[in-house]
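Subject: Structure handover

Hello,

Here is the structure I promised to pass on. Please open it alongside this note.

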Amino acid sequence: MQKAKMLTLFAVVILTWGSTWLAMKFALVSMPPIFATGLRFLSAAPLLLWLLKITRSSLLFPPGHRIFQFCVFLFCYCLPFTLVLYGEQYVDASSAAIIFAVLPVAVLLISIVVLNAPVSLLQLMGSMLALLSLFCLLREEARMSLSNNWKGSLAVVLAVFIHAFMYVQCKKRSCQVSLSTFNALPCLAAGLILTLIGVIVEKPLIENITWLSFASIIYLGIVAGVFGILCYFSLQKRISTFSTSLVFICFPVIAVLLECLVMDSVFSPTSWIMLAAMLSGVFFSLIPVEKRKSVSTSQQQWN
């Protein structure tokens with residue numbers, strides 16, 4: 001029974017995260033990126049505030065961490081999510097998902113610099129393989145699409161490193177707050193401010209917003225934004241960090257398959273080979289230094 005629960009949670013997480021990128025593409029059909037990002041957070045905020053209430057968690061971070069709460073609002077919500085939606089105007093949903101899969105590599109590299117974290121040769125080689133394969137894959141996809149999508153790719157890459165930097169800062173500051181406290185107020189504030197900025201700057205035509213875009217925003221905010229994250233952290237409590245991180249190996253594959261199925265796009269054999277190489281590199285970068293010899297033990301939880 002415990003195995004079935006873990007496998008179900010794992011499947012839900014990779015399916016949710018894998019479908020997020022296509023939902024973003026659908027949201028952009030009739031909404032500009034800043035406005036769409038704001039509505040996404042506004043749809044998630046009421047549920048997060050409700051979770052805050054039923055768990056009796058604090059709305060604010062503890063004293064001494066409240067400036068960092070503002071940083072969470074700006075660098076965990078406003079900037080990276082807007083950059084991702086901006087980037088998806090120029091790149092395929094699958095390409096955005098593939099770029100985001102190198103988040104563990106970005107976390108590792110920033111941890112080395114900021115935390116002086118120990119690192120193994122295997123992790124470094126895996127990181128190099130992942131980044132090199134990603135570069136080659138993006139070049140191949142740009143060649144296949146016959147368009148200049150580097151602007152979008154760079155926006156998503158920047159979002160990845162912003163997320164990674166904030167993750168490392170959380171570890172450095174030992175910011176121990178509940179999941180609802182960490183997300184509720186920053187999500188609400190980002191939703192209000194980005195929606196307002198979007199209305200003023202992008203001037204969206206409300207009457208032109210399609211039901212597909214609206215449904216995609218609700219899906220992104222509630223299903224992917226709240227339910228998906230809750231499932232991920234629930235999974236993390238039941239299995240090792242290494243096993244949980246295997247989500248980053250799986251969800252890009254789901255994203256590619258969904259895009260091929262729904263959008264009738266083509267992912268070339270060369271791109272599949274490069275993706276396999278990139279995900280192999282991410283896998284090697286995930287193996288902790290002190291647990292490298294016990295990977296098989298960690299994976300036995302799935303057997």
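Which residues does Ser 216 touch, not counting residues up to four places away in sequence? They are Ala 23, Phe 26 and Ala 27, where contact means heavy atoms within 4.5 Å.

Two points on reading the rest. This is a predicted model, so local features need pLDDT of at least 70 and side-chain atom pairs count only at pLDDT 80 or more, while totals for chains, interfaces and linings use all residues. Residues are numbered from 1 along each chain as its sequence is written, and side-chain values use heavy atoms, with hydrogens and water left out.

More on Ser 216. It sits in helix H9, residues 211-238. Helices are DSSP runs of H or I with at least four residues, numbered from the N terminus. Ser 216 counts as buried because its relative accessibility is 5%; buried means under 20% relative accessible area, exposed over 50%, and partly exposed in between, with a 1.4 Å probe and protein chains only. The Ser 216 side chain reaches the backbone oxygen of Leu 212 at 2.7 Å.

Next, helix packing around H11.

Helix H1 (residues 2-27) packs on helix H11 (residues 247-262) at about 45 degrees, with the axes 8 Å apart. Axes are lines fitted to C-alpha atoms, for helices over the stretch in contact, and angles run from 0 to 180 degrees between N-to-C directions. H1 is therefore oblique to H11. Angles under 35 degrees count as roughly parallel, over 145 as roughly antiparallel, 65 to 115 as roughly perpendicular, and the rest as oblique. On the H1 side, the contact includes Phe 10, Trp 17 and Trp 21. On the H11 side, Phe 248, Cys 250 and Leu 258 are among the residues involved. By class, the contact of H1 with H11 has 16 nonpolar, 2 polar and no charged residues. Ala, Val, Leu, Ile, Met, Phe, Trp, Tyr, Cys and Pro count as nonpolar; Asp, Glu, Lys and Arg as charged; the others, Gly among them, as polar.

Helix H4 (residues 93-100) also packs with H11, at about 175 degrees and with axes 8 Å apart. H4 and H11 are therefore roughly antiparallel. H4 is mostly covered: 8 of its 8 residues are buried.

Last, two loop residues to look at. Lys 203 lies between helix H8 (179-202) and H9. Its phi is positive, about 50 degrees, although it is not a glycine. Lys 203 counts as exposed, at 58% relative accessibility. Asp 264 is in the loop between H11 and helix H12 (269-286). Asp 264 is exposed too, with a relative accessible area of 67%.

Best wishes

Technical notes: A polar contact is a pair of N or O atoms within 3.5 Å; within protein, one must be able to donate a hydrogen and the other to accept it, and residues adjacent in sequence count only if both atoms are side-chain atoms.
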